Amino acid sequence: MNRADLLEAQLAALFDVSRILSRSLQLSETLRAVLQTLHERGRLCLGMVSLLDEESGDLLISALHDDDAAPFEKVRYRRGEGVIGHILETNREWLLERVSDEPRFLDKLGMFNRDLPFIGVPIRIGDGPAVGVFALQPSVRDEHLQQRARFAEMVANLIGQAVLLARSVDAERRALREERDALRRHVKGTHGFDSIIGHTQRMRIVFEQVRQVAKWNTTVLVRGESGTGKELIANAIHYNSPRAQSTFVKLNCAALPDNLLESELFGHEKGAFTGAVSQRKGRFEQADGGTLFLDEIGEISPAFQAKLLRVLQEGEFERVGGSRTIKVDVRVIAATNRNLEQEVKAGEFREDLYYRLNVMPIVMPALRERIEDVPELAQFLVAKVAKQQGRELSITDSALRVLMRYDWPGNVRELENCMERAAVMSECGIIDRDVIDLTGLDVGNLPEPRAAFSSPAGLGSSAGAADDAIDFEDPDVDERERVIAALEQAGWVQAKAARLLNMTPRQIAYRIQTMNIKVKQF
């Protein structure tokens with residue numbers, strides 16, 4: 001072959017190589033296709049691409065064109081080892097007119113013809129060090145070895161760009177996977193059992209029901225007053241179920257009228273109604289393979305209840321304005337604060353839909369029914385507010401005792417709002433009973449709490465019943481807390497409180513004044 005013919009063949013081969021490298025991000029498959037093309041168009045006898053393993057620093061064979069070569073998965077070249085390792089170390093090409101002339105040539109795969117020339121060039125990314133070695137063997141011995149080496153460098157540069165792109169994509173994928181896994185761990189931690197506070201018997205029953213039902217695809221109806229945490233239960237069921245890796249979609253049924261609710265749940269086709277400028281997937285399609293949470297399910301009209309029943313029974317529906325039946329695999333969790341049994345009797349709620357939803361009922365107790373959980377809930381909510389405000393917050397025993405004397409008609413939501421108001425009113429970061437009084441919480445003449453609670457960490461010892469809530473001799477308890485507790489136990493009679501603290505009336509009066517304790521008048 002003359003020089004002009006060789007140049008023309010190399011240009012055609014180079015064009016094919018560039019097209020192959022831009023076709024796919026599967027690096028190993030792409031490199032094998034490159035070597036195949038060079039064999040067919042560039043008159044290569046053999047070709048091999050070795051890339052640097054960033055962890056070990058060794059060269060690993062990534063692709064070769066020789067079906068008879070030994071398995072290469074475990075073959076590697078250390079830096080400086082043989083001709084291949086020397087090219088990596090020196091970052092320079094190496095030409096051999098005949099392989100047998102170089103004693104340092106290590107043919108670990110037994111693939112190279114020792115009577116033919118050899119060309120080895122480094123694979124670089126830009127002007128940096130070598131990240132691999134491109135080795136090839138021409139099929140003939142001729143005077144064009146330098147020109148063939150120049151062609152090999154061009155191909156190696158293209159391979160280097162492909163390696164850079166593949167590594168960038170792999171790094172981005174790893175980062176996305178790590179971020180995804182971290183988000184999943186965070187979401188599961190946020191919406192798992194740790195975010196639901198309660199140690200009473202009623203709450204232990206709820207936790208056990210959630211653990212059992214989370215394993216299966218059963219429809220769940222979460223019932224309870226507003227603010228009891230029904231959405232938290234729905235989150236816990238989904239993120240502890242086999243569907244946790246899939247989508248969790250929420251919809252408040254009370255927020256939309258029937259016509260919009262149908263479009264929101266089932267989607268619509270383009271032109272189905274005025275304003276439907278494009279096709280839109282509904283919440284059922286979005287939740288396919290995952291969970292759909294329907295809050296305030298008792299608010300939907302009887303007309304829409306029939307449409308919802310079909311989806312729950314058959315798992316299929318049509319978009320608004322469409323005729324194609326769409327099948328979905330969705331687990332439904334519904335929630336309501338209404339008495340559905342009474343509404344069924346009154347004919348306001350379909351009986352068949354009620355039984356379809358009420359497969360596994362979970363009843364959330366009102367906060368007044370588990371008042372023993374108030375201290376732990378309050379401490380959890382104070383920590384949450386502290387994180388939002390970016391400062392240290394704590395709540396005292398006396399404040400917790402006040403909270404336990406309230407019946408919380410707004411349940412946990414009201415308690416959370418109270419803790420946020422108290423945090424705003426507390427300049428020093430300590431929420432005591434005086435701060436609670438400023439929030440407007442009306443405990444009136446309600447009796448002292450019936451149950452015991454644990455003091456916040458670092459503020460005091462474990463409290464007993466209301467008449468023995470604090471150890472007045474415990475030096476670890478804050479003095480202001482001891483004075484307030486003694487005054488409460490003594491009915492705010494200072495002389496009696498002084499006796500409880502082994503003080504004189506003058507001493508306790510001085511402490512009331514210096515500690516800025518607001519004395520209740522009866």
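Strand S8 (residues 248-252) pairs with S11 in the parallel sense over 5 bridges; strands pair if DSSP finds at least two bridges between them. The model is predicted, so local features need pLDDT of at least 70 and side-chain atom pairs count only at pLDDT 80 or more, while totals for chains, interfaces and linings use all residues. Residues are numbered from 1 along each chain as its sequence is written, and side-chain values use heavy atoms, with hydrogens and water left out. Strands (E, at least two residues) and helices (H or I, at least four) are DSSP runs, numbered from the N terminus.

**Pairing of S11**
- Phe 293 has Ile 333 as its bridge partner in S14.

**Burial of S11**
- Strand S11 (residues 291-295) is largely enclosed by the rest of the structure, because 5 of its 5 residues are buried.
- Buried means under 20% relative accessible area, exposed over 50%, and partly exposed in between (1.4 Å probe, protein chains only).
- In a regular strand, side chains alternate between the two faces of the sheet.
- Thr 291, Phe 293 and Asp 295 point one way from S11, and Leu 292 and Leu 294 point the other way.

**Asp 16**
- Asp 16 lies in helix H1 (residues 3-21) and counts as buried at 10% relative accessibility.
- Its side chain makes a polar contact with the side chain of Arg 19 (3.2 Å).
- A polar contact is a pair of N or O atoms within 3.5 Å; within protein, one must be able to donate a hydrogen and the other to accept it, and residues adjacent in sequence count only if both atoms are side-chain atoms.
- Leaving aside residues up to four places away in sequence, Asp 16 touches Thr 37 and Arg 41, where contact means heavy atoms within 4.5 Å.
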